[in-house]
Amino acid sequence: LLYLSLADLLSALSYFYGVLQDFDRTSWDCVLQGALSTFSNTSSFFWTMAIALYLYITIVRGSPTGTGFLWGVPLGITVAAVALKKIGYDASNVSVGWCWVNLDAEDRVLWMLLTGKVWEILAYVTLPVLYILIKKHINRAVSILLLSLSEYRPILSRAPAFQPRTSIADKKLILIPVIFIILRIWSTVRFILTLCNSPAVQNSVLVVLHGIGNTFQGGANCIMFVLCTRVVRTRLFSSICCCHYDELDWPLQRSNSYWQRPEPHKDKDVPGPERTKPLLSST
């Protein structure tokens, strides 16, 4: 997630510079901006798929493993594109104001695929398949667990308390690939229209959706993994507001029937330490 956030941040900054400059020809800063956006955008695809693959291997296969260092492939592609002078001005036909693959290159379609589109299309297929398999495995595991606990009524009575967290996890597993596809599909549509030489590639609605989708990937990940995760959200608000975790989380904790916030002792005649007995905490 850290590497994905860094890739999305670099991608958004490079796009922002490209829009501000409003390039009209291939220049050194156009090539630099195009190289940075190519590297960061391709890295974002790799790390997004790496997260899905890691979750699948860890949860379904039960063998935790590292994803490896995935900066190498995007860096190699970017260096090759710059060295062969494939990065340059694209008249915003396949971008929204920033530089990418030079439209004057004879093999521009090949380099558009290598520098982003092939990984983007691969992610459209890979992410839904992996997250569907993960969701099915979790649902099957939960069903088996509840069935095995059916003999123990006290434990089973607590099972509904875990349902909200399970439903939240299920929603996230569904939303992660859905949000990715909704944000990225517009750039793919304009890429296909460019290949077909269609004038609809400059449609204002498609251009706006393309610009929002390509630059909001990091924001969507922030909402999904930070603001929509209770533990992270609570700690974040706690650090911002200088409040304690318990003070922010007490409404949720109070809702649990087996937990009650201790009431302060209201008796004025509080016995001294020598007259009190230690109380055993209930488990």
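Predicted model: local features only at pLDDT ≥ 70, side-chain atom pairs only at ≥ 80, totals over all residues.
pLDDT is the predictor's confidence in each residue, on a scale from 0 to 100. For this protein chain the mean pLDDT is 80, and 76% of the residues reach 70 or more. Over residues 244–283 pLDDT stays under 50, and there the model has 19 contacts (heavy atoms within 4.5 Å) beyond four places in sequence.

Residues are numbered from 1 along each chain as its sequence is written, and side-chain values use heavy atoms, with hydrogens and water left out.

## The overall picture

Let's begin with the whole chain. Its secondary structure comes to ten helices and two strands; both are DSSP runs numbered from the N terminus, with helices (H or I) needing at least four residues and strands (E) at least two.

Of the 283 residues in the protein chain, 34% are buried. Here buried means under 20% relative accessible area, exposed means over 50%, and partly exposed is in between (1.4 Å probe, protein chains only). The accessible surface of the chain comes to about 17800 Å², and 67% of that belongs to carbon and sulfur atoms; such areas come from the Shrake-Rupley method with a 1.4 Å probe, and for residues only the protein chains shown count as cover. Among contacts between residues at least 6 apart in sequence, 64% join residues at least 24 apart.

## What the record says

An unreviewed UniProt entry places the feature "transmembrane region" at residues 44–62, 69–89, 109–134, 173–193 and 205–228. UniProt positions are given in the numbering used here, feature names are shortened, and annotations may be inferred rather than shown by experiment.

How do two of these spans look in the model? Residues 44–62 are 89% helix and 0% strand, with end C-alpha atoms 26 Å apart. Residues 205–228 are 92% helix and 0% strand, and their end C-alpha atoms lie 29 Å apart.

## Two nonpolar cores

A nonpolar core is a set of buried Ala, Val, Leu, Ile, Met, Phe, Trp, Tyr and Cys residues joined through side-chain atoms within 4.5 Å. The largest one here has 25 residues, and Trp 47, Leu 127, Tyr 131 and Phe 180 have the most contacts inside it. Helix H1 (2–21), helix H2 (28–60), H4 and helix H6 (163–195) each supply at least two residues of this core. H2 gives the most, with nine residues. Apart from this core lies another, of eight residues, among them Ala 81, Trp 100, Trp 111 and Phe 191.

Now for some single residues. Thr 48 sits in helix H2 and counts as buried because its relative accessibility is 9%. Leaving aside neighbours within four places in sequence, Thr 48 is in contact with Leu 4, Leu 127 and Phe 180. Ser 37 also lies in helix H2, and is buried at 2% relative accessibility. Not counting residues up to four places away in sequence, Ser 37 touches Ser 14, Tyr 15 and Cys 99.

Is Ile 138 buried or partly exposed? Ile 138, in helix H4 (residues 108–148), counts as partly exposed because its relative accessibility is 22%. Beyond four places in sequence, Ile 138 touches Ile 59 and Leu 173. Ile 138 and Val 60 are 78 residues apart in sequence, yet 8.1 Å apart in space, C-alpha to C-alpha.

## One face of helix H8

In helix H8 (residues 217–227), Gln 217, Ala 220, Asn 221 and Met 224 are buried. Seen down the axis of H8, the buried residues fall within an arc of 100°, so they line one face of the helix. That arc is taken from the directions from the helix axis to the C-beta atoms. Here is the background: an α-helix has 3.6 residues a turn, so residues three or four places apart point the same way.

## A loop with positive phi

Ala 91 lies in the loop between strand E1 (87–88) and strand E2 (100–101). Its phi is near 60°, a positive value in a residue other than glycine, and Ala 91 is partly exposed, with a relative accessible area of 31%. Ser 92 lies in the loop between E1 and E2. Ser 92 has a positive phi of about 60° although it is not a glycine, and is partly exposed with a relative accessible area of 23%.
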